[in-house]
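Morning, everyone. Please have the sequence and the model open while I talk.

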Amino acid sequence: MPDIDQAVPDFSAPSTGGDISLHALRGQHVVLYFYPKDNTPGCTTEGTDFRDAYTDFQAVGAVIFGVSRDSLKSHESFKAKFDFPFELISDTDETLCTLFDVIKMKNMYGKQVRGIERSTFLIDKEGVLRAEWRKVKVPGHCAAVLDAVRAL
């Protein structure tokens, strides 16, 4: 896991818009938000918050990617259903989840399960990690991320 103010190792991953790589995104701020599962209430609200603020992020030179372990097929359906203008990354092999250390043990219905801890990372135009949010609570989160991008 890169620390704040350190370069993020280059990565590539499949997304709803084709393969993406961090290197190819140089010159843009990158917001990576990790969420547990497509079509669940909190994840839908988080996605629609980023959708509704998308033009504000574009105005400050930022691109947004949602990341979960769901398949590209699931992501394509989720993206279309809620009209997300940004791409969703399918991390079925947990490469990005491991890089950003977002897989945690969680309690679900009294059982311990491995899952994604809702987290967001802000990478600057040079590929340096500038901010991270862990154990994200959805209300107000998108606005906080946008404020952080504006402060860069």
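Two residues count as in contact when their heavy atoms come within 4.5 Å. Keep in mind that this is a predicted model.

I'll begin with F57. Setting aside its neighbours within four places in sequence, F57 is in contact with V31, F50, A62, I64, C142, V145, L146 and V149. Several of these names come back in the core. The largest nonpolar core has 24 residues, and those with the most contacts inside it are V31, F50, F57, I64 and F86. Two or more residues each are given to this core by strand 3, helix 1, helix 2, strand 4, helix 3, strand 9 and helix 5. Which element gives the largest share? Helix 5 does, with 5 residues. Apart from this core lies another one, of 23 residues, with L25, V67, C97 and I116 among them.

Now helix 5 itself, residues 141-151. Its buried residues are H141, C142, V145, L146, A148 and V149. Viewed down the helix axis, these buried residues fall within an arc of 160°, so they line one face of helix 5. What do they pack against? The partners are strand 3, helix 1, helix 2, strand 4, strand 8 and strand 9.

Last, E46, which lies in helix 1, residues 41-52. Is E46 buried or exposed? E46 has a relative accessible area of 1%, and buried means under 20%, so E46 is buried. Beyond its neighbours within four places in sequence, E46 is in contact with Y33, F34, Y35, R118, T120, V136, V138 and H141. H141, in turn, is one of the buried residues of helix 5.

How values were computed. Residues numbered from 1 in each chain as written. Predicted model: local features only at pLDDT ≥ 70, side-chain atom pairs only at ≥ 80, totals over all residues. Heavy atoms only, no water. Helix = DSSP H or I, 4+ residues; strand = E, 2+ residues; numbered from the N terminus. Buried < 20%, exposed > 50% of the residue type's maximum accessible area, 1.4 Å probe, protein only. Arc of directions from axis to C-beta. Core = buried A, V, L, I, M, F, W, Y, C linked by side-chain atoms within 4.5 Å.
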